[in-house]
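These are my notebook entries on a single protein chain. I record below what I looked up, entry by entry.

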Amino acid sequence: MAIKPTRDELERRIKELEKEAAGARAAEEALKEKERFSTQMIQGSPIPTFVVNMDHTITHCNKAFEALIEVPADQILGSKEWLNAAATVRPYMADFIVDQAPEEEMVWLYGGKCRKSNVIEGAYEAEAFFPKMGENGKWLFITAAPLRDAAGKLIGAIETLQDITEKRKMETAVMESEKRLSQMVHGTSIPTFVIDDKHTMIHCNRAFENLTGIRASQIIGTSAQWMAFYASERPVMADFIVDGASEEDMKQYYGDKCRKSRVIEGAYEAEDFFPDLGSGGKWLFFTAAPLMDDDKKIAGAIETLQDATERRRAEEALRDSEKRYRTLLDFAPYPIVVFTLEGKVSYLNPAFTEVFGWSLGELEGRTIPYVPPGMEHETTREIKRLFENKVLLREETKRMTKDGRILDVMLRASVFSVSQTEPEGELVILRDVTQEKRIARNNEAMLRISMALPEYPELPDLLYYINSEVKSLLGTEGSLTILHDEIKEDLIILGAAYDDMDAEKKAGEIRFPMNQLVAGQVIQTGEPMIVNDTSTHRSLHDERDRKLGYKTRNLALVPLKSSDRIIGVLCAVNKKEGLFDHTDVEMLSMIAGTVALSLENARFSEELKKAYREVTSLNRAKDKVINHLSHELRTPVSILSGSLNILTRRLAALPEETWKPTFERLQRNLDRVVDIQYQVQDIMENKQYRTRGLLTSMIDQCGDELETLLAEECGEKEVIQKIRKRVDELFTVKETAPKELSLEQEVEERLQEIRPHFAHRELDITTRFEPTPPILLPPDVLQKVIDGLVKNAIENTPDEGKIEIHVRKKSEGAELIVRDYGVGITEDAQRRIFEGFFTTQDTMAYSSKRPFDFNAGGKGADLLRMKIFSERYNFTMDMVSTRCRFLSKDTDVCPGRISRCPQCSTIENCHDSGGTTFAIYFPPASLPEHGGVKSKQ
């Protein structure tokens, strides 16, 4: 029978249980806190991470893991399935950790890509490709590690997955690059080797083996590239390139034998003697250049070597007569200073004295007071960085000269050592880039101003922009453009830009007499002027400052010059720092050219607009006159023609010698007027005439009465029909439709028809007709073009001269070429020959001649008519002409026969002296969009 516990024992047991319960709750809270902390750690990691328990269930995962597999957490947690992106369903690496699978099984599953972690005990890592992940698959770096409780018992596993796709792509690209590099190295006949960024030789070619006597298998994969050239280990030039060594570092090993390559950026080249190379040593010219990765970082270096022994031996005889060593620093073009470690000057070269003003005698053993005020802390930081890095490359800073000028300098510095242990001092090289930077700023400003010109069509806006640029570039409070009003003899401010808006507004409202501004003196002298102290001539500044409500301290002014006079002044006002100097004047002068050009352009633009309005008015008047002329010619021409026919019939009974010569002169001159009328008709196409309408209407309404009267007087029947036909012939504008024509056939036939008209001329006319595609043109238009070109050539070629007529296929169409070896056309006449009613000959030269006579000339409308035809029917005209070198002026006269020319000893002399070629291109009829009649808009 069990012993019943006493009350005290029960109370003691209850207290123990309560204590155990409290401990359990505390442990549970600690566990929960630890769980929350672990969860936060996982969630806070940017690396995709998840945790599985011993049941292979995913208990934790972070946002990065969700994003990687593109599955939300609520579908992942509690899951035992493999990644959706996996090619096949298989366990996680964490599952193997939980199952404590043997390493062989892990290696088998991941294809030999799995290995134990070197960092975490019991962990494994692997790289694997997942083709279903993302668009093109992804490479992941996977790490899985065991999770254990406080007693060391395995309770689960944690797995991380890092996306290394880009890394793998990069590695593949590097391998491809390595392959190409190897092929390039082995394909060249120049001894070449390549090292990587670890100074390990990775390539060398057969030429390198032949030069050095070392086989590739002995040296590739080692850092022993030095053994080919030196008796003891030391860096070669490629090693310096990999280390990013400075030029000064290079020179410490190679002296003045080394220099930067002029061809390859970042490369160096040198020439040196290597006594351990070959039987008696060799001179080598060697070049080392960096190999850069995609991030522009040095990934290795390539070095080439050329045997220069024979050349150097040939040069030794010359070199023996020269001084072996030169004092490098004294002859360096840039300022160089050598400091002790305490910052005292131990040496400076003549270039330093030339640029900064101090001599070695003034500064030796002292510090240089050339750090501008306010830059002391920056200079201290530069010195500290120099001693940390041993070198400073291309540091842009400022330094002060002895006379107080601030210079922009490019600084290079190196800590040098005489021994291999302790540094001895600092070598500083300075290059004055003040002028370069000023030129660059000026060029940028000029480019901005030039680019801004089209954006500011109005002159005041443009001048305000330019003045704002001047104010910014020179660091002034204001800038003005002052113009000289030559009529009123005073000055006016056309453009102004001030920091003070009130002064800027007032500046554009005030005129000044010439003697109230310094600008007046600049305009009178034409010379720039600097006034750095206005207190010396207050009378010249007080009135201006009073009107502007502004205090002027200093000025810089340059004249605005046009081609023949000074039109104004560009002025900069109140320099904010320092005083104006000649560099400010140079800058102003550069900009002043643009300002003057803009002012002149504005003036010319206004004059051009005025001239255009006048020309437009004249063109309207010209069209009106031509239209009126065409209309007025028709009636008198028809009456004169009819009257001559009547007189011819009535005089037929008389002897012809008494009247016929007179009638032929009348008919010839009437024909000239008829030609003018036809040419004007072609030019003024589609112009209708009221005369035809009036006559037609009268015939329609009074036909019977007129027919009766005319029958009584003349005895003719159907006379009204004849009258109507004649009216139509005289006053109807004829329009012919385009037809497909053979150019070579039309030209040949037309030449046969007009040949009798120039049979009296002694000319050598040669023709060449080649088959051409059909063209689309009204026959009468083509006839007028052919007649005009042939007539022009014959009338401009003296007897015994030569003319060539050629028809050929060109491109898809046909081309007619008419070339004469005549007098040619002057340059001035060539510019105006297509204007219409412009003749190259004096009017009196052809007024009494027949068509086709030499120098018969024309009415000045033939070429205008052809030009209009070309625009109307879409063919093109080209003309090339050379005026006879013996007839330089329009007024010079050719005798009309080559044998009579005192300048030509042979006919060939004339043929070579001048001539004109017309080329007409007609599109093919098969391309209607290029041929036929152009539509009227």
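At what angle do helix H25 and helix H28 pack, and how far apart are their axes? I note first that the model is predicted. I find that H25 (residues 779-795) and H28 (residues 862-873) pack at an angle of about 145 degrees, and that their axes lie 10 Å apart. The crossing of H25 with H28 is left-handed.

I then listed the residues in this contact. On the H25 side I have Val-781, Lys-784, Val-785, Gly-788, Leu-789 and Lys-791. On the H28 side I have Asp-862, Arg-865, Met-866, Phe-869 and Tyr-873.

Entry on the whole chain. I recorded 937 residues, of which 42% are buried. The protein has 29 helices and 30 strands. Among contacts with a separation of 6 or more, 55% are between residues 24 or more positions apart.

Entry on aromatic pairs. I counted 20 aromatic pairs in the structure. One of them joins Phe-50 and Phe-65, with 4.9 Å centre to centre and 45 degrees between the planes. I class this pair as tilted because stacked planes would be under 30 degrees apart and edge-to-face planes over 60. Phe-50 belongs to strand S1 (residues 49-53), while Phe-65 belongs to helix H2 (residues 63-69). The two are 15 residues apart, and the pair links distant parts of the chain. Both Phe-50 and Phe-65 are buried.

Entry on the aromatic cluster. Which residues do ring pairs link into a cluster? I list Phe-193, Phe-208, Phe-229, Tyr-230, Phe-240, Tyr-253, Tyr-254, Phe-274 and Phe-286. I followed one member, Phe-274, which lies in strand S10 (residues 268-274). Phe-274 has a relative accessible area of 3%, so I mark it as buried. Setting aside neighbours within four places in sequence, I find Phe-274 in contact with Phe-229, Tyr-230, Gly-281, Lys-282, Leu-284 and Phe-286. Phe-229, Tyr-230 and Phe-286 are also named in the cluster. Tyr-230 is 44 residues from Phe-274 along the chain, and their C-alpha atoms are separated by 7.2 Å.

Entry on charges over rings. I noted Lys-802, whose charged end sits over the ring of Tyr-821 at 4.4 Å from its centre. I also noted Arg-399, which lies over the face of Tyr-370, 5.1 Å from the ring centre.

Entry on positive phi. Most residues other than glycine have a negative phi, and I therefore looked up exceptions. Lys-296 has a phi near 65 degrees. Lys-296 is in the loop between strand S11 (282-292) and strand S12 (298-307). Phe-852 is another residue that is not a glycine and has a positive phi, of about 80 degrees. I place Phe-852 in the loop between helix H27 (843-846) and H28.

Is each of these two residues, Lys-296 and Phe-852, buried or exposed? Lys-296 counts as exposed because its relative accessibility, 69%, is over the 50% cut-off. Phe-852 counts as buried because its relative accessibility, 8%, is under the 20% cut-off.

Definitions and conventions:
Residues are numbered from 1 along each chain as its sequence is written. This is a predicted model: local features need pLDDT of at least 70, side-chain atom pairs count only at pLDDT 80 or more; totals for chains, interfaces and linings use all residues. Side-chain values use heavy atoms; hydrogens and water are left out. Rings of Phe, Tyr and Trp (its six-membered ring) pair if their centres lie within 6.5 Å; planes under 30 degrees apart count as stacked, over 60 as edge-to-face and the rest as tilted. Helices (H or I, at least four residues) and strands (E, at least two) are DSSP runs, numbered from the N terminus. Buried means under 20% relative accessible area, exposed over 50%, partly exposed in between (1.4 Å probe, protein chains only). A charge sits over a ring if NZ of Lys or CZ of Arg is within 6 Å of the ring centre and within 35 degrees of the ring normal. Axes are lines fitted to C-alpha atoms, for helices over the stretch in contact, and angles run from 0 to 180 degrees between N-to-C directions. A crossing is left-handed if the near helix is turned anticlockwise from the far one by less than a right angle, and right-handed if clockwise. Contact means heavy atoms within 4.5 Å.
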